[in-house]
Amino acid sequence: MVMATAWAGPTQRARLIGVAVGLLTLLFAQWLIHLESARVQQAAQLRLQGEAALVRASLESELNSTLSIGLSVAAFVAANPDFRNDEYERLAETLFVLQPRLRNLALAPDNIIRHVHPLPPNAPALGARLEALPEQREAVLRLRTELKPLTAGPLNLVQGGVGLVSRVPVQVPGDDGLLRYWGHVAVVVDPLPIFMQAGLGGQGEVAYALRGRDGKGQAGEVFLGAPALFADPRALRMAIRIPGGEWELAAVWRDAVAATGWQPLPWQLLAFLLAAAAGGLAGYALQSQQRLEVLASHDSLTGLANRHRFLTQAEAFVPLAE
């Protein structure tokens with residue numbers, strides 16, 4: 001009983017120290033796990049940035065090369081405002097061979113469609129007063145005012161279907177020699193094949209969304225993908241330059257765990273096991289050392305201080321007595 005009393009204090013201290021060592025080990029392990037998680041997340045974000053950059057480059061390249069055809073046609077009209085219809089048809093046929101993504105090419109003097117190629121599928125558009133169409137009125141009036149290329153859409157077309165319309169204003173000299181607004185060239189492209197080619201088909205590891213209808217950037221409507229992506233704090237955003245404006249692209253991993261390969265649970269379990277092992281070993285080592293000290297200074301049968309402890313204490317008291 002006396003020996004048990006002698007060991008009680010040291011054992012309690014050993015347990016407390018073991019718990020302290022375990023907690024410190026757990027904190028250190030959690031810090032390492034946090035660093036590894038941050039590294040993995042950063043690597044995944046860099047990979048996402050690379051994926052989104054490829055999509056942006058593909059969209060900008062394809063859209064700008066296709067829609068820039070309107071500049072060539074606008075130059076043709078400005079140089080030859082009294083062109084014959086057969087001249088326009090020959091030019092349009094050549095451009096359609098060069099750019100197979102074109103859906104139609106139209107000329108709209110005074111913003112009224114008078115010429116369109118190819119004619120058979122687009123005949124319903126002839127004679128359309130674009131300023132009277134609610135979906136196209138704003139873009140057409142803006143074109144007449146700003147006199148610079150603008151991209152509208154994607155929007156529903158008069159002749160049916162969805163199209164991306166690039167409009168280029170045309171100015172010709174008037175009787176007084178001053179330039180006047182003649183009308184505009186409209187290049188209509190089916191955007192879906194362009195989106196698919198760029199990787200926006202919706203089946204990959206990355207979820208994409210596009211907003212900025214009519215080239216309005218962040219202020220424009222979402223026209224592709226889930227609008228919620230633009231409110232997701234994990235989403236990466238990039239500006240896409242198009243003629244007369246810009247779109248905004250949002251990209252986020254569909255499955256963040258699969259993208260990073262990061263599984264925190266096994267690491268957390270390992271951290272707890274290491275902390276328990278470190279705390280247990282520290283407590284056991286200190287308790288063993290303390291027991292050895294007790295055994296060295298007390299009798300194993302009676303639990304009383306032995307001769308060694310008596311001499312040690314006597315040597316400590318002698319200088320005080322002198």
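Strands E4 and E5 form a hairpin with 5 residues between them, and Gly-177 in that turn has a positive phi of about 85°. This is a predicted model, so please read every value here as computed from it.

**The hairpin and its neighbour**

- Strand E4 covers residues 162-173, and 10 bridges join it to E5 in an antiparallel arrangement.
- One of the residue pairs to look up here is Val-165, whose bridge partner in E5 is Val-188.
- Strand E5 itself spans residues 179-189. It is mostly covered, with 9 of its 11 residues buried.
- E5 also pairs with strand E1, residues 102-109, again in the antiparallel sense and over 7 bridges.
- In that pairing, Leu-105 stands opposite Val-187 in E5. Keep Leu-105 in mind, as it returns among the core residues.
- A handy reminder when viewing any of these strands: side chains in a regular strand alternate between the two faces of the sheet.

**An open sheet of four strands**

- Another set of 4 strands forms an open sheet in the order E7-E6-E9-E8, with antiparallel pairing.
- Strand E7 (222-224) and strand E8 (236-242) stand at the edges. Each has a single partner strand, so one side of each is left without a neighbour in the sheet.
- On average, neighbouring strands of this sheet are turned by 30° against each other, direction ignored.
- E7 is joined to strand E6, residues 206-211, by 2 bridges, and the two run antiparallel.
- Within this pairing, Arg-211 has Val-222 in E7 as its bridge partner.

**Nonpolar cores**

- The largest nonpolar core has 44 residues. Leu-59, Leu-105, Leu-200, Leu-210 and Trp-247 are the members that touch the most other members.
- Helix H1, residues 2-67, gives the most to this core, with 7 residues.
- A second, separate core holds 15 residues, including Ala-106, Ala-125, Val-140 and Leu-155.

**Salt bridges**

- Side chains of opposite charge can pair when their charged atoms come close.
- The structure holds 13 salt bridges.
- One of them links Arg-213 and Glu-221, at 3.3 Å from N to O. Arg-213 counts as partly exposed, at 21% relative accessibility, whereas Glu-221 counts as exposed, at 52%.
- Salt bridges that share partners join Arg-84, Asp-86, Glu-87 and Arg-90 into one network.

- Most residues other than glycine have a negative phi, and most peptide bonds are trans. The residues below are exceptions worth a look.
- His-117 and Pro-118 are joined by a cis peptide bond, with omega of about -5°. Pro-118 lies in the loop between strand E2 (115-117) and helix H4 (119-122).
- Asn-111 has a positive phi of about 65° although it is not a glycine. Asn-111 sits in the loop between E1 and E2, and it is buried, with a relative accessible area of 1%.
- Leu-147, also not a glycine, has a positive phi near 55°. Its place is in the loop between helix H5 (134-146) and strand E3 (150-156).
- Leu-147 is partly exposed, with a relative accessible area of 35%.

Methods
Residues are numbered from 1 along each chain as its sequence is written. This is a predicted model: local features need pLDDT of at least 70, side-chain atom pairs count only at pLDDT 80 or more; totals for chains, interfaces and linings use all residues. Side-chain values use heavy atoms; hydrogens and water are left out. Buried means under 20% relative accessible area, exposed over 50%, partly exposed in between (1.4 Å probe, protein chains only). Two strands pair if DSSP finds at least two bridges between them. A salt bridge is a side-chain nitrogen of Lys or Arg within 4 Å of a carboxyl oxygen of Asp or Glu. Axes are lines fitted to C-alpha atoms, for helices over the stretch in contact, and angles run from 0 to 180 degrees between N-to-C directions. A nonpolar core is a set of buried Ala, Val, Leu, Ile, Met, Phe, Trp, Tyr and Cys residues joined through side-chain atoms within 4.5 Å.
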